[in-house]
Each structure stands twice: as structure tokens, then as C-alpha cells.
Amino acid sequence: MNNLMGTVHMEETKGIEKENSEEMGDEPEYTSRIAPWNKQITVRGVVASLVIGIIYSVIVMKLNLTTGLVPNLNVSAALLAFVFIRTWTKLLQKAGIVTNPFTRQENTIIQTCAVACYSIAVGGGFGSYLLALNRKTYEQAGVDTEGNAPGSIKEPGIGWMTGFLFVSSFVGLLALVPLRKIMIIDYKLTYPSGTATAVLINGFHTSKGDKLARKQVHGFMKFFSISFIWAFFQWFYSGGERCGFSQFPTFGLKAWKNSFFFDFSSTYVGAGMICSHLVNLSLLLGAVLSWGIMWPLIGGNKGDWFPATLPESNMKSLNGYKVFISIALILGDGLYNFVKILYFTANSIRARAKTNNSRTDESKQAPDDLRRNEFFIRETIPMWVACLGYTAFSIISIIVIPLMFPELKWYYVVVAYILAPSLSFCNAYGAGLTDMNMAYNYGKVALFILAAISGGNNGVVAGLVGCGLIKSIVSYSSDLMHDFKTGHLTLTSPRSMLLSQVIGTAIGCVVAPLTFFLFYKAFDVGNPDGEYKAPYGLIYRNMAILGVEGFSALPQHCLQLCYGFFAFAIAANLVRDLFPKNIGKWIPLPMAMAVPFLVGANFAIDMCVGSLVVFAWHKLNSRRAGLMIPAVASGLICGDGLWILPSSILALAKIHPPICMSFK
């Protein structure tokens, strides 16, 4: 889902960047006043990063294991970092203790470290390629399916998951470090997410921004409290299967049976407020098309298209259509955007080579830009550090990963690390132009190739692990460039940025598996009828089976439907890009449409409620809405997300809610 959220965030950040561009140079902070790079990382900053990283790891893990849809939370993390440190310094001041001033550099470091931490929970495969290895997903994919070999199982474990993350996550951080000047200064890539975060942080640390930040902090705390208390209240009524407000038949029992109901989730209402109207309406369209029309019609062909004796959860039954049509939409959208980004990247590089315009005349640049460039270049990261680090981590990975997964041969890992820098450059360059991180598509290409080459009993595991390996390298190198862009605009040292990213990644490699096991032990993860469906685990396993077995894995008439939806995804993207904007803006996003096909319609309704709140707020008071929506949405998400910790502990302690509110 990263490329979908990247597209959404790009649309939002264009507006933010335009509105706040004047603030970038407000109250100039000359390089002589900036603390040395090793002073920008503080003890309180690391503590704040740890707390924020843990909170957001829990939140995104819940999102990963329920729908797989994770909105971009970078701006929210920057806001929470500001809240945390300002609250801390005020408490110490009231106690008569003098503290160091809170600077935009420290704010940037905390945001970078926290995002690096929770990014492991987002992209570590806990809801996709690693979860796809467990027995429950293997059984859901069909034990009688030829490509689904009985030995292709590895149950989740804190030890091996932590080890896999440590050996696979750090390589990507060093792949593009030598190219940071070319990407940020010479090519002047915008990296909209990084720019938007910098605009927010720079805005906080001005006299005007401080007043606005106080309003945002107040709004965040208010809705954080409301969301937490509401989640606590709902818990009392959820004492059984399909009980509580989360199963309230808002539109009647028949609609409820087809997953059309509002489940009172503050998390998804908040996520809907962050995502664009187009994403939310695309989700609703996908829900209506699948659960409102297609699944009832296909279910009516039971006994004709598929055996009536099979349960709906079987991959040769209705569930097979849900999974494979979702895959067709995801692959169609991913392939189109993959080719599109490569085309733009190649065109942009060729144009720069022709015009020799990679370096612009310094006399035409604004003084603030020259100052930022000078500081960014001065704070060098030695080439030998990046090269030696990349080589060392690659060797460790080449040795360790084949020992953990014998199905993935060592020479495949060697090839992956030889190709990784060039793949990372293509992805990071495209992300700089469009804000779309295509790492998942590189991973899917690796999945199909490795599954097909390995074949037999080894194909599924080799494909899934190889997918995770490539995705990690390509994704984290792109994320680091976004952070370098933020650091460039906030005059934060690249050295401290890289070190904070390393610290955050190390914390994430420990926190993410622990967070996953909190859910895995307390809740029924992977149950297609439960709250934690973990849809992408099943999707990724079936992609690997397709790579091994080919189209014979599909149920009857499913291939024709997959062709149709694959073509629809390509056509929808072509119309969006080639037709006039007044037509293209109404075309739904196929990637967003695919999510409810497997998950259900209820979360799409929640997100549309968030969209409705944003729409109404802008109609009533657009200026205040623009200021407060990020804070309110973050409060709703964090409050509901934080309740997961005590509710998980209660579940592990076998303390169950006292009441079951259900409807017959």
C-alpha cells in the first residue's frame, strides 16, 4: 500500500508546500548558530523517539493486520515529537530546572528516528510476506493446492524475525548515501513527503508557528483523550465473537452480513481524514462492487463454478475469487505505475544529460537555498563508511539468510545485493519526482521470478523471503532520501540524520517483532471472519503459488475475471494520466478499490465518514480546518491505537469483557 499512500500524500503536500513556502525562510537560523552534528542527537530526543516509535508501531501493526491500509504518518510523527518535547521542557521549567532550547534540528532528528522505528512495523512483512509463511495462511491457501508445498511453512518467532530484520534492514540505509548530494542538490528532487515534513517543522519553530502549534497540541490532546475513552468504553461490550459496537448493524442485518456497517473505529475515521476524498471514495466503490454485487452473484453459482461442498474460505471456493481478483487489481495498478515511474525517471535523466543542467548558476539561487546547500555539502559522510558498511552488512546477510531459509540459495542473495544500488537509485529518483515508493513492486517482481525459478517445494519460501529482501533494500534507501530532504530544508546535519535513522531502525528491529507478537498471541490473527484478517498474508502467499504453479491455481472462470480487472486497472490509470484533469480526477484508484475486495466494506465506510467530516469542516471554516485536521486525525488514531496496549495485556491475562452486545 505504500505506493497508494505516496500518491495520496503527494496531492496533499503540494498544497501544504505552496501555502507555507514563505515560512521556509522565516526567522533565518544561520549555520554558525546550529549545534554540531553530534549535539543534535540528544538523550531526551532518543527517549521521545522510542516512545513515539512504540506508539506508532502498535498503531500501524493494527492497520497492517486488519486491512493492510496504512496512511502516511510522517507529519503526525513530527507533530507528536513537538508535543512530547514541549511538554517535557515546560514541566522541567515549572520545577525550576533549566533545559536546552528545543530546536528544529532536534525536532527533525526525533521525527526521523521515530519514523525509522515504525517503518519496520509497516514494511517488515508482518502482515504480508513473513506472515504468509505461517501454518494458518498455508491452510487458507489450500493444503491440496499443488504449488502450496507442505514444507513451505515457518511459524512466526521473535528470535528469527528479529534476526532477519537486523540482517536485511541496514543494507538499504547505506545503498544511496554516496549519491545524496546528486539527488538533493544537483537534481533538486522535491521529495514531497520530506518537504511537507520540513515545512511543518520549520513552521513550528517560529513565533507565529508556536502559536499555531499550541492550538494543534490542544486539539490533538482533546481528541486523543476522547478516542482513548471511547475505545475503553467499547471494550466492555465486546465479550464474545461478533459482539460490540464494532459489529453494530447500522444499515440493517442483511447489509451487516455483507459487511456494510459503520464499526465506530476512531482509527479509520482518523485515517479517512488524512487520506484524500479520492482514496476514500475508491475504497467505497470497491466495497460496493465486490460485497454489494460480485460476491452475491458468484456465491449464487455455488455448485456450478465451484463445488457446493467446499466452505467459502477455501481457495477453490468463493475466497479464491476474492483473493485473485484483488491480486489482479494490485498487479495491474502496480505494473502501470512501475513502468510510468521508470519512464519519467529515464526521461528526466536524459533531459538533464542533454541540457547539462544538473548544476544551476549559483547566482540565481536564493540566499537561503545557498546556505542550505553549503551546510548540506559541508557536513560530509565519508565514502568509505557507506561502502564498508554496505559490504559488511551484505556479507553478513549472504551468510545468515540462507542459513535461516535454506530454500533461498546464497547466490540469489549475492545477485540481489549487486543489483540493489541501481534498483534503489531508480526507486529513490522516482520517489523524488512523484512521492511514490515503488519498493513493493520491485519486491513482487522478485517474488514471481524466485518462486518460478526455485519451483517445487522451495518456490513459495524462496519467493516470499526474496520479496522481503529486495523490498527492504529498495524501500529504506528511498525513505532515507526523504529524510535527507527534510534535513536539508531544516539545516539538520546529514551525519546526525543517518545516525538517527540507524538508531531508529535498530529500535524498530526489536520493537516491531514484539509488537507483532502482542497481537499474534492476544488476538486471532489471520482469521478471515475475525477483526484481524491480515489479508495481505494470504495475497502474498497466493502470489508465490501463482509463480510456482501458474494459472492452474485459479478456480473456474477466475482467470477471465482477473484479465478483466487487470485491464481495468491499466485503463483507469491511462484515463487519469491522459485525459483532461476535470475528467481524470473522478477516475477511482484501482489499488484502493482492491483492499475491500478481500477485507470487507465496513472500514471503507469508516474512512468515508472521516472524509465527510473533512468536507463539512472545510465548508464551515476552511482556514481552521487546514490547521486542525492533521492534529485531530492524529489524536483519533493515537488514542484508539494506544488502547490496544492495555486491551492486549487484558486478553493475554485471560480477562474478557463482561458484556456481549450482539444483534440477531
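**Close-up views of helix packing**

**View 1. Helices H18 and H19.** H18 passes H19 in a right-handed crossing (right-handed if the near helix is turned clockwise from the far one by less than a right angle, left-handed if anticlockwise). This is a predicted model: local features need pLDDT of at least 70, side-chain atom pairs count only at pLDDT 80 or more, and totals for chains, interfaces and linings use all residues. Residues are numbered from 1 along each chain as its sequence is written, and side-chain values use heavy atoms, with hydrogens and water left out. H18 covers residues 439-454 and H19 residues 459-489; helices are DSSP runs (H or I, at least four residues) numbered from the N terminus. Their axes lie 7 Å apart, at an angle of about 155°. Axes are lines fitted to C-alpha atoms over the stretch in contact, and angles run from 0 to 180 degrees between N-to-C directions. H18 and H19 are therefore roughly antiparallel (over 145 degrees; under 35 is roughly parallel, 65 to 115 roughly perpendicular, the rest oblique). Residues of H18 including Tyr 440, Leu 447 and Leu 450 meet residues of H19 including Leu 464, Ile 470 and Val 474; contact means heavy atoms within 4.5 Å. By class, this contact has twelve nonpolar, six polar and two charged residues. Ala, Val, Leu, Ile, Met, Phe, Trp, Tyr, Cys and Pro count as nonpolar, Asp, Glu, Lys and Arg as charged, and the others, Gly among them, as polar.

**View 2. Helices H5 and H19.** H5 and H19 pack at about 160°, with axes 11 Å apart. That makes H5 roughly antiparallel to H19. Their crossing is right-handed. Thr 108, Gln 111, Thr 112, Ser 119, Ile 120 and Gly 123 in H5 meet Lys 471, Tyr 476, Asp 479, Asp 483, Thr 486 and Gly 487 in H19. Two nonpolar, seven polar and three charged residues make up the contact of H5 with H19.

View 3. H5 is mostly covered, with 20 of its 20 residues buried (under 20% relative accessible area, with exposed over 50% and partly exposed in between; 1.4 Å probe, protein chains only). Just after H5, Gly 125 takes a positive phi of about 90°. Thr 505 sits in helix H20, residues 494-522. Thr 505 is buried, at a relative accessible area of 4%. Leaving aside neighbours within four places in sequence, Thr 505 contacts Ala 116, Ile 120, Ser 169, Phe 170 and Leu 173.

**View 4. Helices H4 and H10.** The axes of H4 (residues 74-94) and H10 (residues 207-235) come within 10 Å and cross at roughly 100°. H4 and H10 are therefore roughly perpendicular.

Technical notes: Helix = DSSP H or I, 4+ residues; strand = E, 2+ residues; numbered from the N terminus.
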